[in-house]
Amino acid sequence: METSGLISELERCFPPDRLLQRPAQMAPYESDALTAFRARPAAVILAETQAEVIQAVRLCHRHAIPFVARGSGTSLSGGSLPVEEGIVIALNRLNRVLRLDPAQRIAVVEPGVINLDVSRAAAPHGLYYAPDPSSQLICTIGGNVAFNSGGAHCLKYGMTANHVLGLKAVLPDGEVVQLGGESLESVGPDLTGFFVGSEGLFGVALEIILRLLPKPECYRTVLAAYDSLAGAGDAVAQVVASGLLPGAMEIMDALAIEAAEAAVHAGYPRDAAALLIVELEGERVQVEAEFAHLLRVIEGSGPKTVTVAKDDADRARIWKGRKSAFSAVGRLSPDYLVQDGVVPRSRLGEALATIERLSRTHNLRVANVFHAGDGNLHPLILFNGRVAGELERAEALAGEIIQMCIALGGSVTGEHGIGMEKRQHMRAMFTTTDLEVMAELRRALDPGEISNRGKMFPDGEAPALSSHGVHPLERQGVISRE
Amino acid sequence: MSATLSTTMSAVTVISPETNEDVQTVVCAYEQIVVRGGGTKPALCTAGDGATVLDTRRLTGIVEYEPGEFVFTARAGTPLREIADALAAYGQYLPFDPPLVQEGATLGGTVAAGLSGSGRHRYGGVRDFLIGVRFVDGQGRLVRGGGKVVKNAAGFDLPKLLVGSIGRLGVIVEASFKVFPQPPRYATLRVSQPSLDAALAAITRLNGSTFDIEALDLLIEAGAPVLYVRQGGLATTLEERQQSLRIWLGVGTPLRETDEAEFWAAARAFSWAPADWSLVKTPITLNTIPVLEQILQASGAQRRYLAGGALVWIAWPGELAQLHVYLTQLQLSGLVLRGETQWPFVGARTGASLAARVKRVLDPTNRFPIL
């Protein structure tokens with residue numbers, strides 16, 4: 001790729017401390033949370049204003065050089081992996097909350113704003129931003145928009161797309177568009193919704209209008225232990241079928257329980273094969289009545305023990321264990337792969353039994369920590385990259401789990417996106433025509449395919465897969481893979 | 001092919017395909033096509049001379065519905081009434097509360113028009129519940145986007161792209177939705193307001209409160225603003241919750257149980273809007289209401305503000321060109337559902353250039369009307 005013309009133009013626009021070109025400076029940008037992939041860009045731009053982002057995109061377009069916009073690099077599907085010899089546009093410095101309007105319950109933010117900072121800014125007004133990916137301490141709204149991020153509380157209020165009302169974006173050919181607006185409603189094709197989840201292929205969001213929700217009056221949380229993973233899975237189906245609508249419903253298996261206990265002493269029962277967390281939220285009177293009903297359903301699902309959170313501290317402890325489970329499990333093993341797949345909720349028990357069987361067949365340990373209420377599985381496959389063949393076996397096992405999700409009528413990804421990781425599975429989800437239409441839509445916005453080239457579509461070029469261990473932030477427990 | 005063909009008095013041909021393959025054949029065979037479902041939003045589906053109407057009503061039936069999964073898939077021409085009945089048998093419902101259910105609106109038409117009703121206040125609109133779609137584009141290609149599970153991040157979100165596309169990007173032939181358990185019981189408080197300002201202040205307070213409100217509509221009754229606040233939930237607690245809400249608001253009269261259901265059914269049917277007036281959907285925000293209300297009142301329009309000030313239905317007595325001018329001044333956009341117009345959008349518009357790019361891919365020869 002001939003980048004010298006572009007680089008010299010960029011050098012005229014950006015000071016050297018914001019146009020990184022030395023390998024040592026660029027090393028942190030060579031990978032994201034899917035550390036198996038790594039690629040070295042020609043330069044990294046640390047953009048500070050929307051105008052700079054627009055200018056960078058226009059220059060890349062003029063020189064036909066691919067670029068990847070990047071927030072905190074927490075993508076688990078390799079979505080923010082650079083294109084070799086391309087440009088990275090880092091957006092972390094575009095981190096202003098431009099407007100917070102409590103009466104209209106919206107926040108207008110720049111893409112580099114950290115997810116949790118939206119809720120923090122909204123908190124004094126009794127409001128919060130609902131999507132809560134586990135990396136919410138560090139991941140940015142721009143990345144959430146690109147990958148339609150989920151979280152533990154998607155069951156009732158949906159994913160990122162359901163909370164983005166409008167946005168301003170620069171398309172890959174440099175046109176700046178305004179989509180949607182401040183209203184919850186819109187007319188004409190839902191272009192905002194179409195943009196969200198486009199994995200960076202449609203360009204870069206510059207300003208995002210987010211919907212905020214009032215914090216619920218009351219939460220009630222129950223922890224139920226089961227003798228088998230399938231038992232916990234079946235309990236989820238029963239809760240869903242009971243007509244209750246929990247805010248969150250999560251499952252952890254024995255390996256995850258053990259690891260979480262060792263890490264944060266969440267007070268989980270240690271002898272259980274599986275743990276189910278169910279949380280109701282809403283008006284106190286209603287929640288109390290529904291909770292009584294929930295407890296009857298849970299009691300009827302054959303649990304070993306049932307523990308009810310007595311107060312906020314109890315609740316916080318339960319969630320701390322859950323949210324730390326991934327990094328805790330990660331510490332049990334030199335390496336691990338995280339899968340993200342979806343099965344119909346009524347078939348969770350069956351899916352979990354299959355994963356247990358596959359784990360035995362491949363002789364690799366698999367931990368399960370996941371958003372059960374959505375049928376969104378996150379099996380964690382433990383392996384040692386230094387043992388010859390283990391990475392390949394782990395990959396094979398991961399692939400079989402994804403095949404199972406497809407066979408059960410589910411999806412190859414619930415919230416991590418296709419990115420680099422799942423491209424080869426797109427053909428199992430979609431027909432040639434479906435993919436052709438998607439590719440044409442992409443080229444209508446990006447004729448040169450310069451925006452996040454190589455992602456999502458099955459025929460993209462990929463650098464060789466290798467095992468690089470966990471992300472440094474993950475090792476510190478700051479982020480986790482789910 | 002098994003499609004039926006009938007010609008009406010005018011020069012408009014109506015074709016009613018029965019299968020997806022039929023739809024593909026029809027799309028390839030005719031140069032100008034207008035897609036029509038139940039025809040309940042005539043401004044969106046009236047064909048001019050020389051155009052062919054593709055009537056979706058024989059693309060009918062629920063394809064898949066497993067109640068325990070809270071997900072269903074139905075063909076586009078399935079009447080909403082049939083879907084609502086099937087869901088109700090298991091205590092489930094369409095939380096976005098689509099309008100014109102009893103009047104014969106179809107599932108596909110509701111998606112294409114992008115319509116949600118008063119109940120969208122609680123959990124969101126049609127865009128938030130549509131999880132998968134199958135459509136035939138202007139090149140006759142059968143395309144699928146999304147899936148049949150509640151959470152799915154694979155591929156571009158074509159389902160959302162089709163929401164509000166009013167049959168101008170393709171013919172929706174099948175749609176999958178997630179649904180929710182329906183509250184077993186509802187109760188509504190009627191709250192008279194001394195002034196518009198007071199009404200808006202009350203909406204603002206409610207929007208920021210922890211009350212779980214199913215619907216929050218603002219009506220103008222005999223010139224005075226009145227709020228209707230709907231709550232839903234377990235029968236055992238509903239009365240107590242309504243009482244708390246009433247105390248918190250300081251005023252409010254509960255609607256009688258029989259009137260309650262009737263009131264919201266009438267909202268869904270637009271029975272408040274004079275049948276020969278234009279009917280326009282306009283997305284708004286709370287802070288635009290004072291100026292808009294002045295204009296609508298002065299123009300003699302009937303109106304109903306929904307979902308805590310997110311949306312207004314306008315019944316417009318005069319020329320739509322005048323409404324277009326007013327909405328443009330306020331930077332608001334509208335969609336004409338009923339009324340004399342060649343072009344269903346009024347007021348300001350965002351994203352038109354992106355929509356045009358998409359249109360060139362899916363319908364390069366403009367078989368469907370321009371978008």
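## From single residues to the interface

A:Glu9 is found in helix 1 of chain A, which spans residues 4-13, in what is a predicted model. Leaving aside residues up to four places away in sequence, A:Glu9 touches A:Leu59, A:Arg62 and A:His63. A:Ala351 lies 342 residues from A:Glu9 along the chain, and the C-alpha atoms of these two residues are separated by 53 Å.

A second residue of chain A, A:Ile89, lies in strand 4, which covers residues 87-90. Its relative accessibility is 0%, and because buried means under 20%, A:Ile89 counts as buried. The residues that A:Ile89 touches, again not counting those up to four places away in sequence, include A:Ile45, A:Ala47, A:Val53, A:Ala56 and A:Val57, together with A:Phe67, A:Val68, A:Ala69 and A:Arg70. Between the C-alpha atoms of A:Ile89 and A:Gly71, which are 18 residues apart along the chain, the separation is 8.7 Å.

In chain B, B:Ser192 has its place in strand 12, residues 185-192. With a relative accessibility of 42%, B:Ser192 counts as partly exposed, since that class lies between the 20% limit for buried and the 50% limit for exposed. The side chain of B:Ser192 makes a polar contact, at 3.2 Å, with the side chain of B:Arg190, and B:Ser192 also touches B:Pro225 and B:Val226, residues up to four places away in sequence not being counted. The C-alpha atom of B:Ser192 is separated by 17 Å from that of B:Asp259, 67 residues apart along the chain.

Two helices of chain B show how burial can be arranged around an axis. An α-helix has 3.6 residues a turn, so residues three or four places apart point the same way. In helix 1 of chain B, residues 20-29, the buried residues are B:Asn20, B:Asp22, B:Val23, B:Val26 and B:Val27. These residues cover an arc of only 150° around the axis, and therefore they lie on the same side of helix 1 of chain B.

In helix 10 of chain B, residues 289-298, B:Ile289, B:Leu292, B:Glu293, B:Ile295 and B:Leu296 are buried. Viewed down the axis of helix 10 of chain B, the buried residues fall within an arc of 165°, so they line one face of the helix. The face turned away from that buried side carries the exposed residues B:Gln294, B:Gln297 and B:Ala298. Among the elements of chain B that cover the buried residues of helix 10 are helix 7 (196-207), strand 13 (215-221), strand 17 (302-306), strand 18 (311-316) and helix 11 (320-329). Just after helix 10 of chain B, B:Gly300 takes a positive phi of about 75°.

The two chains meet in a contact that takes 75 residues from chain B and 85 residues from chain A. Between them, chain B and chain A bury about 6,500 Å², and 58% of this area is on carbon and sulfur atoms. On the side of chain B, B:Lys151, B:Phe156 and B:Arg357 lose the most area to chain A, together 15% of what that side buries.

Polar and charged groups also take part across the interface of chain B and chain A, where there are eleven salt bridges and 37 residue pairs in polar contact. One of the salt bridges joins B:Arg357 to A:Glu175, with the closest N and O atoms 2.6 Å apart. Helix 12 of chain B, residues 352-362, gives the most to the side of chain B that touches chain A, contributing seven residues. The residues of that side divide into 30 nonpolar, 27 polar and 18 charged.

Terms used. Residues numbered from 1 in each chain as written. Chains lettered and ligands numbered in written order. Predicted model: local features only at pLDDT ≥ 70, side-chain atom pairs only at ≥ 80, totals over all residues. Heavy atoms only, no water. Contact = heavy atoms within 4.5 Å. Buried area = accessible area lost by both parts, 1.4 Å probe. Salt bridge = Lys/Arg side-chain N within 4 Å of Asp/Glu carboxyl O. Polar contact = N/O pair within 3.5 Å; in protein donor to acceptor, adjacent residues only side chain to side chain. Helix = DSSP H or I, 4+ residues; strand = E, 2+ residues; numbered from the N terminus. Nonpolar A, V, L, I, M, F, W, Y, C, P; charged D, E, K, R; others polar. Buried < 20%, exposed > 50% of the residue type's maximum accessible area, 1.4 Å probe, protein only. Arc of directions from axis to C-beta.
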